[in-house]
Amino acid sequence: MAEAAYSSKMLSGRWQDRLRGLRSLTQELWRDKAGFIGMLLIAALLLMAVAAPLLAPHDPAAQDLRARLKPPAWSAQGTWNHILGTDHLGRDVLSRLIYGSRVSLLVGAAVVTIAGTFGVIMGLLAGYRGGRTDSIIMRWIDTQVAFPGLLLALIILAVIGPSMITVIIVLSLNGWMVYGRMTRSAVLAVRQTAYVEAAEIVGCRAHRVIFRHILPNLTSPLLTLAILEFARIVLAEAALSFLGLGIQPPATSWGLDVATGKDYIFRAWWLVTMPGIAISITVLAVNLVASWMRLISDPQEREKQFARKMAVRQRRRRATGQ
Amino acid sequence: MKIRGKLLLGCFLVMALAAFANAQDVTIAIGSEPTTLDPQLREDGGERAVNDNIYETLMARTPKGQLIPGLAASEPRLIDPQTWEIKLRSGIKFHNGEPFNADAVVFSVKRIINPKFNSEQISFFNTIQDAQKVDNLTVRLKTDGPDPILLSRLYWMKIVPPKHSMDSKFAEKPVGTGPYRFVQWDRGESITLVRNSNYWGTKPLVSRVKYRFIEEPGTRLAGLMAGEFDIITNLLPEFTQQVPKAIHILGLEHPIIILNADGGPTKDVRVRQALNYAVDKDALAEGLFEGFAQVAQGQLLSPSFFGYNPKVKAYPYNPDKAKQLLKAAGAVGATVELIGTAGRWLKDRELVEAVAAYWDAVGVKTKVRIFEFNEYLNRLFDRKTRGDAIFVVSSNELLDADKSFSAYYKAGGIGSSNTDKQLATLIDNARSETDFAKRKSIYHQAVKRAFDQAYFTWLLNIEDIYGVSARVDWSGRVDAKILVSEMKVKK
């Protein structure tokens, strides 16, 4: 009886802790205005992807060859029926943009997650274990970097056929090496620090040392890398899809629309510009949030932030004192 | 004083000469650099664009496609069903002084049909078995059976000089009998030709021609606008408004969709017909190709080809009829796999996407598969993985029904998806029929048969579009050859 009460109390305590943590996190996010805007943008993009059928004014695959390449509504020949104009088959650009976000965001997020997780684990192993493990993993990475990605894509295509899953698999298989290399070099540096040695001396198991003491210190460089990769992946997906190795029509993605619209750039600038802007906004939003996350996850950055805050407070105090 | 005067005069002369030379120069931008300048070895558009002006063939064509004697003095004569006798023009010399005679023709024929030479053009000449010299200006060609289109084949075979072609540098220094003579090949940059002053035929007007190899259509366009080029190939329809002059002429290319007549939902002839009725070909031609394509009239032939049946017209755009036919066939909602590729032919991806949308609109479920080109070719040439429908652009350089029909219409052809014995027999009969009128009527029957059975979704006949500068006069040819001797530079 008493034990149950005790445990339920502890549980609610833990919940309260979490809630408090979340609240302070939101407060910090609110304080970092750029990060807050980024988060809002990401939320809006996700909402757009999820609610695409409700938001899109037209069927993204409905074509009208006689009304192709109509400019956006605000130019002379535009109509409000097609706010962002129509593409080379007379399809509504805005609707394609809304539907395209599904593939682009999903592929980008999935590839970054899969390739990132695998690459980081491999890098941690290589860096922490050293010796033979290290050389085997690093040689594996070297070999795979030297192997042409398109060829790999072709082989996979021949086996499982083109689809969104294929794209995710191909890009993940091709993208994990950079995480591995970066993690390994960072681990090598952190491994020599006193707190890691201390943890080892105290008798922590390897996985505890790796995940509690080493990994958190790699958060900020890895976040930066993941964001750079996200942008690259969105465009890489386009290249694959354009060649016929990726998603198949009538489905579309932002990158694919940029790739197919490229031929018309002198005639119809909106075909590349609109999905291009969408990609830029996404990358910007992710960047803003990541930069904020880097700030709060890096102890050194937090220290600097704290020092700055204290300095401001002191200056203010001095000013009011006089 | 005197020296300075002479110098000035000299400068003046040089400048005048340069200006004069410029006035007669033409620069042509083509899409790819020739892989070789041996005219008999490769099947290479870049090579052809240059060598068509250096070399000549026994038969030639007018710009409208009519066959006329070229190096042959008169139209070859059939002496028995398998032997043709060709009289040659006299007094013609190759650019290096070698005489053009029966020996040169026999040598050229034997060179290209020699299996060891392994020419990529062999599919054009696989009926020719042997060449014999009768006298200095008479040659006999033997074929493996009656070959009614030998004359079209001869129009494709360039005659090479026997001595010089043994030279190891032959592939870099071409020598022909044509109106232009090779000067220089700067690899990766340009090829220069000058007028052959001893040319036997009408003297060409342009004195010097330079070929540049520009892969990107946008760069070719920019070069034309800047006055760097006089003629550019494969202009996109979207850019025709911007160039000084755009020449467009009905070409040899037919985008078409091969339907599987032996399996899947397309086995039913009503479904195949419905897939034809469903597509608005006029909208494709007017919209997607901006008017630079014509609706294919229910056959894989242009009006200028031998065998074209003027009585057969395209399936009209009639979505209601398509829906009825699908309903009657019980194929509403059936999945049709449509295979295509991207970036190989003008607007290939766009065409496939547009057709898929039309098909979806009448009630089938089109599963589009855009494959990378090599994988696409694997599918195209493998009957089993070809799918219910596959998009292809057929190009027929012989301007005769035989080539397209043996490849795509006849059961067992490399791109054929039917097992229609009746159609195959017609095509075989036409192949060995040497009587023009009879052969024509057999092809008319074959065209009608394939049309009624709707073995294909016929789409368009694409026009070749060239961008031309204001200073050059040229009107293009139906066979897509770029002959400089037909051009004129305005003063």
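This is a predicted model: local features need pLDDT of at least 70, side-chain atom pairs count only at pLDDT 80 or more; totals for chains, interfaces and linings use all residues.
Helix 12 of chain B runs over residues 401–409, and eight of its nine residues are buried, so to speak mostly covered. The buried ones are B:Ala401, B:Asp402, B:Lys403, B:Ser404, B:Phe405, B:Ser406, B:Tyr408 and B:Tyr409.

Let's step back to the domains. The assignment for chain B gives domain 1 as 24–35 + 178–244 + 469–489, domain 2 as 55–166, and domain 3 as 254–462. Taken over C-alpha atoms, the centres of domain 2 and domain 3 of chain B are 34 Å apart. Where these two touch, domain 2 of chain B supplies twelve residues and domain 3 of chain B supplies ten. On the domain 2 side of that contact, you'll find seven nonpolar residues, three polar and two charged.

Now for a sheet in chain B. Four strands make up an open sheet, in the order 4-5-7-6, with antiparallel pairing. Strand 4 (77–80) and strand 6 (128–135) of chain B are at the edges with a single partner strand each, so one side of each has no neighbour in the sheet. On average, neighbouring strands here are turned by 30 degrees against each other, ignoring direction.

If you'd like a spot to look at, find B:Lys87, which stands opposite B:Thr138 in strand 7 of chain B. Packing on this sheet is helix 3 (residues 102–113) of chain B, which touches strand 6 and strand 7 of chain B. The direction of helix 3 makes about 170 degrees with that of strand 6 of chain B.

Last stop, the nonpolar core. The largest one has 199 residues, and those with the most contacts inside it are B:Ile231, B:Ile257, B:Val355 and B:Ala446. Which element gives the largest share of this core? That would be helix 4 (residues 93–129) of chain A, with 16 residues. To finish, a look at B:Val355: setting aside neighbours within four places in sequence, B:Val355 is in contact with B:Ile257, B:Val279, B:Leu338 and B:Thr457.

Thanks, everyone!

Note on methods
Residues are numbered from 1 along each chain as its sequence is written. Chains are lettered from A and ligands numbered from 1 in the order in which they are written. Two strands pair if DSSP finds at least two bridges between them. Helices (H or I, at least four residues) and strands (E, at least two) are DSSP runs, numbered from the N terminus. Axes are lines fitted to C-alpha atoms, for helices over the stretch in contact, and angles run from 0 to 180 degrees between N-to-C directions. Two residues are in contact if their C-beta atoms, placed from the backbone, lie within 7 Å. A nonpolar core is a set of buried Ala, Val, Leu, Ile, Met, Phe, Trp, Tyr and Cys residues joined through C-beta atoms within 7 Å. A residue is buried if 20 or more other C-beta atoms lie within 10 Å of its own, exposed if 12 or fewer, and partly exposed in between; C-beta atoms are placed from the backbone. Domain bounds come from an automatic or database domain assignment. Ala, Val, Leu, Ile, Met, Phe, Trp, Tyr, Cys and Pro count as nonpolar, Asp, Glu, Lys and Arg as charged, and the others, Gly among them, as polar.
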